[in-house]
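Morning, everyone. I have one structure to walk you through today. Let me put it on the screen.

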Amino acid sequence: MKKTLYWCPDCNVPLIARSCAAGHEGVPIQLLEPYDVRPALKTDHDLIVGLVHERFGPVPVPRVLLLNKTGGVDRNELVIANGDRFGWLSFDPVERQHRFELEPAALPGLIEAVTKGVVDLDRDPAFAGTKIRLGGKRVAVSSDEPDGGVIVKYRGRFGTGVLADGRLRVRELVPVTPARCPNPGWDVVIDRNRLHLKNLERQAVRTIRTHLQDRPCANVSFSGGKDSTAVLALARRAGVTDAFFIDTGLEFPETIEFVKAEGAQVIEKGADFFQAVERAGPPGKDNRWCCKLLKLHPLKRHLAATGPCVTIQGNRWYESWNRAGLDETSQNPNNPLQLNVSPIRHWRALEVWLYLWWRELPYNPLYEQGFERLGCYLCPAMLEAEYDELRRIHPELADRWEAFLARYTASSGLPEEFRRWGLWRWKSLPRKMVELCRTHDLALTPEYELAPIRPPAAPGPAPAPAATPPPAAPAEPGAAARGDFPLLGDTVYLDSAATSLSPEPVLGAVLEFERHYRANIGRGVHRLSQLASQRYWHAREKVERFVHGEGGTTVFTRNTTEAIELVAHGLSWQPGDRVVTTVLEHHSNLLPWLRLRALGVEVVVVDIGDDLALDLDGLASAIDERTRLVAVTHASNAVGSITPVVEVARLCREHGARLLVDGAQSVPHMPVDVTALGADYLAFSGHKLLGPTGTGVLWMREPEPEPLLLGGGAVESVGPDGWTLAAGPARYEAGTPNIGGAIGLGAAVDYLEAIGMDAVRAREERLTSRLVKGLEAIEGVRLYAPEDPARRIGVVSFTLEGFHPHEVAQYLSDELNVMVRSGHHCCEPLMRRLGLPDGTVRASLHCYSNEIDLETLLAGVEECVRGA
Amino acid sequence: MPEVARPLRVGVDGETTSDQARVLDELAFSLYLNGRHFMAAMTAPDRLSALALGLLLVEQAIRAQSEIESVQEDGPCVRVLTTDPFRVIVPRRGVITGCGGAVSQISERRLPPLPSIVPVQREDVFAALDLVAAPPEGLFSAALRAGDGWSVRSDDLGLTTAFARIIGVRATETVLHDRVIGAVSHRVTAELIRAAVVAGVPVLASTGPPTGLAVEFAERTGLTLCGQGGRGGFVCYTHPERLLL
C-alpha cells in the first residue's frame with residue numbers, strides 16, 4: 001500500500017509514481033490514513049475557493065488541489081496544493097456547514113493577496129504585553145475578525161490559527177517568503193503521468209485476461225461509480241463485454257441514466273427498502289441489513305441465470321480497512337458461482353481519475369456535484385456533507401427518507417439529533433460520535449446507542465381510511481400493487497396457498513373497525529353497533545356477489561374447514577347413505593366425511609390419473625342413487641389440478657346428489673360463478689383471499705343443514721321448551737362472530753374485484769408456466785403439476801433429489817427470505833398415492849407475486865442443487 | 001292495498017252494513033345514517049332505499065349518491081353508511097328562527113344554485129302534469145319528467161315522502177337526465193320548493209294552487225313554479241322566462 005504521494009516541483013503537479021514524464025524527479029509527500037487521495041473536482045474546488053475567499057479575500061488558489069480524506073466527525077480532508085499542505089476542509093454535522101482552515105505551508109503562495117482574516121498580535125491591545133510561547137496555545141485577543149480560521153502575524157512571522165470567543169489558538173508561526181508557483185491544470189497532470197497510466201492499464205488488462213478462463217463466462221460488476229467505470233473500460237479492452245448493475249431502488253436517477261448509457265444490464269430490485277425499513281428500522285454502518293436484501297439477493301438471481309462466472313470488480317485497497325487486504329482474485333463468500341477479480345485494487349482514487357481523464361471516459365455526473373462516493377442515496381456509509389448535497393440536488397429523495405426518520409425518531413422517543421446529525425447511521429455509535437454526543441449532553445446507553453429522551457410513543461391513531469379505498473394502480477393487468485403489502489418489502493412470499501397476505505386496504509378496514517367502531521352486531525341500538533352491523537352485513541353482500549351467489553345463503557365461518565364441517569354435521573345422515581370424495585382433497589374435505597362412517601355412511605374416495613387430474617370415469621362410477629353428497633375440491637392445494645366441477649355437477653344432478661365444492665384454492669385465484677358451477681355448497685377461506693385469518697365462507701343454494709352451534713344471534717325466539725331459529729344466515733352464526741375479520745374480508749373482495757379476477761387468473765397462469773419451466777430446467781427437480789396451464793392454478797409442488805422438502809424450505813427461508821411450504825400440505829392420502837412419504841416443496845402464488853419472486857426461488861433451488 | 005275484514009259501512013240514513021273496504025298501506029319508516037337515527041316518517045312501503053336516498057339528498061345530509069358506501073334495508077328501517085361514516089354531518093336548517101324565537105323564516109342561503117336557465121317546452125310541463133293528474137285514491141303523487149322522455153312517479157301518503165322518493169330514484173340513475181320538470185298532485189308548499197331546489201329541479205308544477213310562501217320562496221330561489229295545472233292549462237307564478245311557450 002502506497003503511503004506517499006510524489007510531486008514534481010518543476011511542473012508543480014502530483015505524480016502517481018516517482019518520475020515525471022517531463023524528465024523530473026518527484027518529491028514524496030506523506031499521506032494520512034487510509035492514504036487515499038483524489039482530485040478536487042469542480043464543486044469541491046469551487047467550495048474551497050469560496051471558503052478561502054470568504055476568509056482571506058481574493059487570494060490565488062491553485063487549479064490543482066488534491067484531497068486526502070482522513071478520520072473525523074464527518075467530512076475531514078487534508079487539502080494538498082503546490083506540493084504541500086494547503087489546508088483542511090471539514091464539515092460540521094451539528095452546524096451543517098463546511099469549514100476551511102489554512103495550513104502555514106499555504107501562506108507563501110497567497111500572503112501577498114490577503115485582504116482580511118489576519119490577526120496582527122503586534123497591534124492587538126488585548127494581547128499586548130503577553131509573553132508566552134505561542135505554538136498550540138490559546139491567548140486572549142480583541143480582533144474583530146469573525147470566529148474561524150485566521151492568519152496570525154507576530155514579530156515578522158506568519159502562521160495560522162483558529163479564533164473562537166475572543167481567544168486565539170495559534171497553530172504555528174514561521175517566517176514566510178512570498179512565492180509565485182506555476183499554476184498548471186489537470187491536462188498537465190495527465191500528461192506528466194501518462195507513462196505510469198499506460199503501465200497501470202497494461203497491468204490491469206493483463207490481470208483480467210489471466211483470469212478470464214477461470215470460469216465459463218466473465219462479466220463486470222458495474223455500480224455506476226468511478227472505480228467500476230474504470231474497470232469496465234479495462235475489462236472491455238480485455239475482451240469482456242457483459243456488465244451488470246444491481247438496481248437497489250435507492251439509486252440516483254443520474255446513476256441509472258449513466259448505467260444505461262454504458263450498456264450495462266440492469267438487474268431489477270427484488271425488495272422494497274421503504275417497506276422493509278418500517279419493520280427493520282434504519283440501517284447502520286454496523287447493521288447493514290439492506291445490502292443483503294437489496295444487493296446480494298438480486299445478485300443471486302442474476303448469477304443463477306449466468307452460472308459460474310468471473311466477475312471483474314472495481315474494489316480498491318484504499319477504500320476501507322475491509323478492502324485493504326484484497327487479493328487479485330477472491331471467491332464471493334456469499335455465492336460460490338462467482339470468482340471476483342480486482343484488477344485496480346492497488347489504485348488510489350487519484351489513479352482512477354487520471355485514468356478516466358486520460359482515456360476521456362464518460363463518468364457519472366454526480367461526481368462533479370460534490371459526491372466522493374456513489375451508491376444508494378441514503379447509504380449509512382454516506383457522510384452528512386454528502387447528504388446535504390443530496391438534499392440540494394434531489395430534495396424529493398431526501399424528503400422521503402427524512403419523513404421516515406422523523407416518524408422513527410418520534411416513535412422511538414429519541415432526540416431530534418438522531419435524525420438531524422445523521423446519528424441514525426450507526427446502531428452503536430463509534431468513539432468520535434460518542435464524544436460529539438457527550439459534548440452536547442446527549443445521553444447514551446451502555447451500548448453506546450443514543451438513549452431515548454421520552455418513552456417510545458404508542459402508535460398514534462391512524463387516519464381513518466375509507467372503508468374500501470381503491471388499490472394503488474397495479475403495475476400490470478392482474479397484478480396487485482406490491483406496495484400495498486407490507487411484508488413484501490423484504491420477503492419473497494410463495495406460500496399463498498396456505499395463507500395469503502393482506503393489502504393495506506384490508507388492514508385499514510380491520511383497524512378502522514377496531515379503532516373507530518368496535519362493537520357487537522345486531523345486539524344494540526347504539527351508533528357503533530349500528531355501524532358494525534351494517535359493515536358486517538355489507539361484507540356478506542360483497543362476498544356473495546363475488547361468487548355470484550345472490551339468491552343463496554352466505555354464512556361466515558372461521559375457515560373452509562368449519563364451512564365443510566357445518567354441512568357434514570348439519571345434514572341428517574342415514575345408514576346406507578353414500579358420500580363420494582377424491583384423493584385430491586385437503587384433510588378438511590376428507591376427514592368430516594370419513595367420520596360419517598361411524599354413522600353407517602359409506603364414503604368412497606375416487607382416484608386421480610397420471611396427469612394428476614381427477615378420474616372422472618371413476619367418479620361417474622362411484623356416484624349412484626344412494627349418493628347423498630359429492631365433495632370435491634375445485635383446485636388442489638397440493639398439486640394445483642383444477643377439477644372440472646361443471647361436469648361433476650352434471651353427474652350429481654343425474655343421481656340427485658348434492659355437490660359440495662371446496663373453493664379454498666379457486667375463489668381467490670379465478671373467477672368463480674357458483675351458479676354456473678352447479679354447486680349446492682361452496683366453501684372457501686378468507687385468509688387465502690387476501691382477507692384476515694379466522695374468516696371463511698359457506699355458500700348454500702338451500703339452507704338445509706342444521707346449525708353447527710346454537711346460541712345468541714341464531715334464534716328468533718326462545719321459550720322454556722324450545723326455540724325458533726332465525727331466518728337467513730344468522731341461524732348459522734351463533735355467538736359473536738369475527739366482525740372485524742368479516743369486514744376485512746369484504747375489503748379484500750373489493751380489492752380483488754378492482755384488479756379483476758379474469759386478469760388475476762390470466763397473470764397467474766402465465767407466472768405459473770414461468771415457474772414450471774424454470775423448475776423443469778433444474779437438474780434433480782421433479783415436478784408434480786399438471787402439464788396443461790389451463791388445468792392448473794398457481795400451486796407448484798416439486799421435490800429435489802437428495803433433499804428432504806423441509807431442508808429445501810428451510811434453506812430458502814434462511815438464505816433468501818423465500819417462504820415456501822413443505823411436507824404433506826394436509827393431503828397425506830394424495831402424497832401416499834404419489835409415492836411421496838416426505839411430501840413436496842410447494843410454491844404458491846397470488847396476485848402480488850412477480851417474476852422476481854420466481855427467479856429468486858429458482859436461484860435458491862439451484863444453490864441447493866449445487867450444494868448437494 | 002290490503003283489505004280489512006268486517007268494516008262497518010254507515011249510510012247517511014244511519015243504516016249500517018258489513019262491507020269489504022280498502023285501507024291504505026302505511027309503514028313507520030326509520031332512516032339511520034352512519035349508525036345514528038336520522039329521521040322517521042309515515043310512508044307507503046315502497047322503494048324504501050330510494051326514499052332514504054332522496055331524503056338524505058333533500059335534507060342536504062349528502063351531496064351525491066356516490067358518497068354512499070351501502071344501503072341496508074332492514075324491515076321498516078333503512079340504514080345508510082357513507083364512505084366516511086365518521087364525518088360530522090351538521091344538519092342544515094331550512095327554517096331559521098330569529099331573535100328570541102319570535103320570528104322564523106325559510107332561508108335560501110344554504111341552498112345550492114339551480115341549474116342555469118335551460119328552457120323547457122310547454123308540452124313537457126303538460127306531460128309531467130299528466131303523470132300526477134290522477135293519484136290513487138287517498139294518496140299524493142309526485143313525478144319527474146326529463147326532456148329525453150324519462151320519467152318516474154311515486155304515490156305516497158304525503159307529498160314530502162313521495163317527492164323525496166323520486167329524487168332518490170333519479171339519483172341512482174346512471175344516465176344524466178336534464179331539463180327535468182317536477183310535478184305533484186295537490187298543492188305546493190315552500191317545503192317542496194326547497195326540496196326541488198336542493199335536488200336541482202328547476203321547474204315544479206302542481207295540479208292544485210301553491211301556498212303564498214311557496215310562491216315567495218320560488219321567486220327568491222329562481223324556480224319556475226306552475227300551479228292549477230291540467231289539460232286545459234296551468235298558471236305560471238314565477239320565472240316564466242324558463243318556459244318555451
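Start with chain B. Its secondary structure comes to five helices and 18 strands.

Now the inside of chain B. Of its 245 residues, 40% are buried. Then the contacts. Take those in chain B between residues at least 6 apart in sequence. Of these, 49% join residues at least 24 apart.

Keep in mind that this is a predicted model. So, on to confidence, for chain A. The average pLDDT of chain A is 93. A score of at least 70 is reached by 98% of its residues. Where does pLDDT stay under 50 in chain A? Look at residues 460-474. For that stretch of chain A, the model has 35 contacts beyond four places in sequence.

Last topic: where the chains meet. Chain A puts twelve residues into the contact, and chain B puts in 13 residues. Which element gives the most on the chain A side? That is helix α14 of chain A, residues 527-546, with eight residues. And the make-up of the chain A side that touches chain B? Six residues are nonpolar, four are polar and two are charged.

That's my tour. Over to you for discussion.

Definitions and conventions
Residues are numbered from 1 along each chain as its sequence is written. Chains are lettered from A and ligands numbered from 1 in the order in which they are written. This is a predicted model: local features need pLDDT of at least 70, side-chain atom pairs count only at pLDDT 80 or more; totals for chains, interfaces and linings use all residues. Helices (H or I, at least four residues) and strands (E, at least two) are DSSP runs, numbered from the N terminus. A residue is buried if 20 or more other C-beta atoms lie within 10 Å of its own, exposed if 12 or fewer, and partly exposed in between; C-beta atoms are placed from the backbone. Two residues are in contact if their C-beta atoms, placed from the backbone, lie within 7 Å. pLDDT is the predictor's confidence in each residue, from 0 to 100. Ala, Val, Leu, Ile, Met, Phe, Trp, Tyr, Cys and Pro count as nonpolar, Asp, Glu, Lys and Arg as charged, and the others, Gly among them, as polar.
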